[in-house]
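Here is a quick tour of some side-chain pairings and pockets. Have the model open while you read.

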Amino acid sequence: MNLGELYKFCCEYYKEHNILDVSEIKIILKYTLGINTNDLILDKNKIINQDKVNEILEIIKLRINNVPLQYILKSWEFMGLDFCVGPGVLIPREDTSVLVDFVINVLKKRVKPENTVNIMDLCSGTGCVAIVLESVLKNYIKNINIYALEKSSKAIEYLTKNKQINNSNIKIISGDVFIDHNEFPDNFFDCIVSNPPYIKTRDIQNLQKEVQQEPFMALDGGPDGLDFYRNITKFWSKKLKKHSINNKNNGVLAFEVGYDQAEYVEEILLNFDFKKIYAERDINNIVRVVAGEM
Ligand SMILES: C[S@@+](CC[C@H](N)C(=O)[O-])C[C@H]1O[C@@H](n2cnc3c(N)ncnc32)[C@H](O)[C@@H]1O
């Protein structure tokens, strides 16, 4: 089989099985054969070794059983870095880059290279938020301490591997956001960031089949989806520095929120005495980040 025939076969197989996103095929070919879209045009007559054809057919068969592509490939890129993923950990989403960019911009405006900055990533999963923040911010801040707290032992395995493959110095904490706030001193963090579980419990059963293969614990935000926002705000607000970095600003608590949760999360922050509220929109103009400063 040549490359052009293989590509066509895979696209037709996807369509027959109602997998709508055929652009995934290009990702599979890139991953297995190292080829890009140009090669697909220029090298379409290139004969593909049968072992490679079999490997690709195995992958597309798993896809029709709704196994997320990211779990099959075992690796996924987030903001330019590679993260090891698989059953037991949430796959990093493009949406989360709005949160990471927000934190980078807020801190970059405030810091001088000689400052020491402490950041906590709560509900860290693969560690994508903590590790990308570190990789960018270490270029601006000499002393940066990033903590990544996660409860699931399976997710911590991925977090540990991702720390290694990205040569990161983040500090991994195995803990529960509802309990382990006591382990940290008050007035300590310049920024606490979190993409917590935020789906309403009853809505989980209606999610896309692929998403339902991701851990329940990474999705379930309780009856109204807001359990983590309420509890993180309640338990962790006092851990933020009062006069952070430049003495003019206080520490910031920054959340990723579901597409319809922004106003509720703003209300939670206001109820806990946050004075300055920030909201950041994604490319579809939906507020995906709500943050507060005391
Ligand atoms: C929505 S995922 C986000 C993962 C990662 N931050 C990201 O953006 O891809 C939420 C994470 O919170 C973790 N989690 C759930 N309950 C927790 C708790 N009580 N304490 C700490 N982590 C928790 C889950 O295991 C999951 O990894």
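This is a predicted model: local features need pLDDT of at least 70, side-chain atom pairs count only at pLDDT 80 or more; totals for chains, interfaces and linings use all residues.

Residues are numbered from 1 along each chain as its sequence is written, and side-chain values use heavy atoms, with hydrogens and water left out.

**Salt bridges**

Searching the whole structure turns up 15 salt bridges (a side-chain nitrogen of Lys or Arg within 4 Å of a carboxyl oxygen of Asp or Glu).

| Pair | N to O distance |
|---|---|
| Glu 24 and Arg 63 | 2.9 Å |
| Arg 93 and Glu 214 | 2.6 Å |
| Asp 95 and Arg 288 | 3.4 Å |

Let's start with Glu 24 and Arg 63, which form a salt bridge at 2.9 Å. Glu 24 sits in helix H2 (residues 23-33) and Arg 63 in helix H4 (residues 50-64), so to speak distant parts of the chain, 39 residues apart. Helices (H or I, at least four residues) and strands (E, at least two) are DSSP runs, numbered from the N terminus. Both Glu 24 and Arg 63 are buried; buried means under 20% relative accessible area, exposed over 50%, and partly exposed in between, with a 1.4 Å probe and protein chains only. Glu 210 joins Glu 24 and Arg 63 in a network of salt bridges.

Next up, Arg 93 and Glu 214 meet at 2.6 Å. Arg 93 is in the loop between strand S2 (81-84) and helix H6 (96-110), and Glu 214 is in the loop between helix H9 (209-212) and helix H10 (216-219), so this bridge ties together parts 121 residues apart in sequence. Arg 93 counts as partly exposed because its relative accessibility is 28%, whereas Glu 214, at 5%, is buried.

Asp 95 has a relative accessible area of 32%, so it is partly exposed; Arg 288, at 8%, counts as buried.

**Pockets**

How much space lies in the largest pocket? About 1000 Å³. On a 1 Å grid over the protein atoms alone, a pocket is an open set of points where a 1.4 Å probe fits, with protein on both sides within 12 Å along at least five of seven lines; lining residues have an atom within 4 Å of a point. Of its 48 lining residues, Pro 196, Pro 197, Tyr 198, Ala 218 and Leu 219 are closest to the centre. H10 contributes the most to this lining, three residues, and the largest pocket's lining divides into 25 nonpolar, ten polar and 13 charged residues.

The second largest pocket holds about 500 Å³. It has 20 lining residues, with Glu 24, Arg 63, Gln 70, Gln 208 and Glu 210 nearest its centre. H9 supplies the largest share of that lining, three residues.

**A buried asparagine**

Asn 162 belongs to helix H8 (residues 153-165), and with a relative accessible area of 0% it is buried. A polar atom of the Asn 162 side chain lies 2.5 Å from the backbone nitrogen of Cys 84.

Conventions. A polar contact is a pair of N or O atoms within 3.5 Å; within protein, one must be able to donate a hydrogen and the other to accept it, and residues adjacent in sequence count only if both atoms are side-chain atoms. Grid points are joined across faces, edges and corners, and a volume is the space filled by probe spheres set on the points. Ala, Val, Leu, Ile, Met, Phe, Trp, Tyr, Cys and Pro count as nonpolar, Asp, Glu, Lys and Arg as charged, and the others, Gly among them, as polar.
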